[in-house]
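Reader: I am new to reading protein models. Could you take me through this one by question and answer?

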Amino acid sequence: MARREDVDRRIYAAAMNLLRTHGPLAVTVEAVAAESGVARTTIYRRHKDRDAVLAAALGDHMASRVVEPGDDVWRDMRAAVESLIATLEGGPGSGVFLGLVQSGDRDQVELIRDKLLRPRIALAVERLRDGVATGQVRPDADIEVAVDLLLGAVAARFAHSGTFPPGWAGSVVSTLRVALQADRDPSEG
């Protein structure tokens, strides 16, 4: 790994750890420098300010969590739910919730929405629209509401219990599938 990539990896890991453990307001250049062992001057050469550090770290995190679409929209929705669960349980989850619920910093809230939430929503909407095109999802389905229900269920479960029992993701997708599945799925012959 090139030195620059190693330094970026350390910066992003430190920023994500601070986000997860203390919320977005804890992600400062000084705190990232202390956590990562990378000099503040080095961080400032790469990033304009704390928001730029957090944006880059969240972008890097999302890039590593992209779910590649397959031929079964329901399997893809389950993978998307499981990816979001993994982010909440092992990634920046609690920090993201703190930031969205408690932060008085509108720019921080918008940054989290833009880098972490909206890309997931857009991918899920696109995938369900593909499901309409392939005959797996009813053409009259309200795709945006379906995605809100699906990803919102994950957020609600995390908010009220902080845990996800085995099989929970499959159950949520199966429940949504009952409402959205087209009468005839072409992949079933």
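This is a predicted model: local features need pLDDT of at least 70, side-chain atom pairs count only at pLDDT 80 or more; totals for chains, interfaces and linings use all residues.

Author: Residues are numbered from 1 along each chain as its sequence is written, and side-chain values use heavy atoms, with hydrogens and water left out.

Reader: How many helices and how many strands does the protein chain have?

Author: Helices (H or I, at least four residues) and strands (E, at least two) are DSSP runs, numbered from the N terminus. From that end, the elements run α-α-α-α-α-α-α-α-α. The count is nine helices and zero strands.

Reader: What percentage of the 189 residues of the protein chain count as buried?

Author: Buried means under 20% relative accessible area, exposed over 50%, and partly exposed in between (1.4 Å probe, protein chains only). Of the 189 residues, the buried share is 42%.

Reader: At what angle do the axes of α7 and α8 cross?

Author: Two packed helices are described by the angle between their axes and the distance between the axes. Axes are lines fitted to C-alpha atoms, for helices over the stretch in contact, and angles run from 0 to 180 degrees between N-to-C directions. The axes of α7 (residues 106-133) and α8 (residues 143-160) come within 9 Å, and they cross at roughly 125°.

Reader: Which word describes α7 relative to α8?

Author: Angles under 35 degrees count as roughly parallel, over 145 as roughly antiparallel, 65 to 115 as roughly perpendicular and the rest as oblique. The crossing angle of α7 and α8 is roughly 125°. That makes α7, relative to α8, oblique.

Reader: How many charged residues are in the contact of α7 with α8?

Author: Contact means heavy atoms within 4.5 Å. Here R120, I121, A124, V125, L128, R129 and V132 of α7 meet I143, E144, A146, V147 and L151 of α8. Asp, Glu, Lys and Arg count as charged, Ala, Val, Leu, Ile, Met, Phe, Trp, Tyr, Cys and Pro as nonpolar, and the others, Gly among them, as polar. By class, the contact has nine nonpolar residues, no polar ones and, as charged residues, three.

Reader: How are α8 and α9 oriented to each other?

Author: Their axes are 11 Å apart and pack at an angle of about 155°. In their contact, A146, L150, A153, V154 and R157 of α8 meet W168, V172, V173, L176 and L180 of α9. The two helices are therefore roughly antiparallel.

Reader: Is W168 buried or exposed?

Author: W168 lies in helix α9 (residues 168-180). Leaving aside neighbours within four places in sequence, W168 is in contact with V81, I85, A153, V154 and R157. Its relative accessible area is 14%, so W168 is buried.

Reader: What distance separates the C-alpha atoms of P119 and M62?

Author: P119 is found in helix α7 and, at 27% relative accessibility, counts as partly exposed. Leaving aside neighbours within four places in sequence, P119 is in contact with M62, R113 and D114. P119 and M62 are 57 residues apart along the chain, and their C-alpha atoms are separated by 8.1 Å.
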